[in-house]
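Colleague: Could you walk me through the ligand site in this model?
Modeller: Happy to; have a look at it here.

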Amino acid sequence: MYDIKEIYQPSNLSETLNLMASNQDGIVISGGTDVLIRLRERKLKECKLISIHKLKELQGISYKDSLNDMIIYPGTCFEEIHSNTMVEKNCHCLWQAANEVGSPQIRTVATIGGNVCNGAVSADSAPSLLVLNAELELTMAHSKRSVPIREFFTGPGKTVLEKGKELLTAIKIPAVPEGSGSYYIKFGARNALEISTLGCAVFVTLNESKDVFEDFRIAFGVAAPTPIRCTQIEERVKGLPLTRETLKFIGNEVLKEVNPRDSWRASKQLRIQLIRELSQRAAEGAVRNAGGAIID
Amino acid sequence: MIKVIHMKVNGKQVELGVDDRECLTDTLRNRLGLTSVKKGCEAGECGACTVLIDGKATNSCIYLSMWAEGREIVTVEGIKGENENLHPVQQAFVDEAAIQCGFCTPGLILTAVEIVGSGKKYTRDELRKLISGHLCRCTGYENILNAVEKVAGL
Ligand SMILES: Cc1cc2nc3c(=O)[nH]c(=O)nc-3n(C[C@H](O)[C@H](O)[C@H](O)COP(=O)(O)OP(=O)(O)OC[C@H]3O[C@@H](n4cnc5c(N)ncnc54)[C@H](O)[C@@H]3O)c2cc1C
Ligand code: FES
Ligand code: FES
């Protein structure tokens, strides 16, 4: 039996927001794959839960056409994200990340909203959402704000979300320009059921003749106290040719912007090596997905 | 607090009172006697507690029973054929000697039932990924993969 004092199961969004306003000590639970584990470990006790599990208004992916934002609602589970062909085509890195979370049984319940709001540095969706310039819609009973995901993570397990008051209600992904591609690589010690040792996502836009980086974005999980974008290297790569030399430059220079640590999962040294290697492989994958090729 | 929920379990509509702090593993084992649903890690890692919820393999240990309202649940007790015959997945596990102590077996069988139900055929590597949410301490997985390959392999 979980140590739950009270659990509310609102039937729509406005009821949820009202319940949150009158129970600010309440904890939102969606798929429960983080909250129920914390309860099991007794890191949470006697808690008051507000369940948004399978709440209709927070489910699904909406996509009109390539000129408009894609909206992923936070209650969408990773299995659904990975089976969406528009995500596969336009947000390939996120599509890949969705298939890396836990195991098939976890992916049928674990939601993208829970993954983001949990604020873990290892959250598999974070690097991809960072390179896709996702915007998070945070809602309270009588107000709403939009926060770029780059400003969302503030420390290990910490975000700008006002816990208990604000609900993540939409993840907006801006339209992706022609000639773009993206790629995500997760490194873990095992092939399944493994929290990321390091995650790297790259997004590129190539010029028309597909030989130069017009836009380059790179983000990491577990390379600093929060998931991060490395904007200095991004600026320096714009305009460079699609060569092995540019990839090496990325792998070496990106190290100036990361701050990996020793942990029981891996040493700082291994993480640095992973950052150098995976950033190049992810960049090459993104170029390939954009219809280009790296020349030696 | 006790709440009344309605769900379909192994084809039968049930109405029962559950504690709102209870997980589905406990409801199925203790209130309905469906002891094929095993308790292993209770943390979403081993897959021993796997059941099908609306056709999808789900870890029942991290699933609140009250979420099951209106859903359809299947456990291994519910997959036998009309004449009490074993389900083709169960038969394949027997034929391939994919069972040793049997603790991981009910969960794996349900994941395989979902795989077979998709109607698609998979390579051994794909199947390896599809069963990756189950830990088996006995078999070394090879015979389990042989069994799953027999029913859903290319
Ligand atoms: C066995 C196992 C393996 C795992 N493997 C991975 C992995 O490989 N990669 C990975 O990234 N994660 C992994 N996780 C962690 C977890 O599954 C994910 O973070 C998942 O996406 C969380 O989603 P959820 O809906 O289950 O979250 P919940 O547990 O429901 O919620 C998580 C947090 O987010 C808050 N929250 C949820 N939704 C909202 C919302 N809409 N608005 C505001 N706050 C909200 C909750 O209050 C809570 O603090 C694993 C977990 C388990 C148990
Ligand atoms: S008992 Fe549920 S996954 Fe191990
Ligand atoms: S047969 Fe013993 S755990 Fe799999």
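**The shell around ligand 1**

H7(A) gives the largest share of the shell around ligand 1, four residues. The model is predicted, so local features need pLDDT of at least 70 and side-chain atom pairs pLDDT 80 or more, while totals for chains, interfaces and linings use all residues. Residues are numbered from 1 along each chain as written, chains are lettered from A and ligands numbered from 1 in the order written, and side-chain values use heavy atoms, without hydrogens and water.

Colleague: Which chains surround ligand 1?
Modeller: Near means a heavy atom within 4 Å. Among the residues that come nearest are A:Val28 and A:Asp124. The site is shared between chains because ligand 1 is surrounded by residues from chains A and B.

Colleague: Which residue has a polar side-chain atom 2.6 Å from an oxygen atom of ligand 1?
Modeller: A polar contact here is a pair of N or O atoms within 3.5 Å. The backbone of A:Leu168 places an N or O atom 2.9 Å from a ligand 1 nitrogen atom. The side-chain contact to oxygen at 2.6 Å comes from A:Thr111.

Colleague: How much of ligand 1 does the protein bury?
Modeller: A backbone N or O atom of A:Glu194 lies 3.4 Å from an oxygen atom of ligand 1. Areas are Shrake-Rupley values with a 1.4 Å probe. Alone, ligand 1 exposes 990 Å², and the buried part of that is 94%.

Colleague: How many residues of the shell are nonpolar?
Modeller: Eleven are polar and eight charged. The nonpolar ones number 19.

Note on methods. A polar contact is a pair of N or O atoms within 3.5 Å; within protein, one must be able to donate a hydrogen and the other to accept it, and residues adjacent in sequence count only if both atoms are side-chain atoms. Helices (H or I, at least four residues) and strands (E, at least two) are DSSP runs, numbered from the N terminus. Ala, Val, Leu, Ile, Met, Phe, Trp, Tyr, Cys and Pro count as nonpolar, Asp, Glu, Lys and Arg as charged, and the others, Gly among them, as polar.
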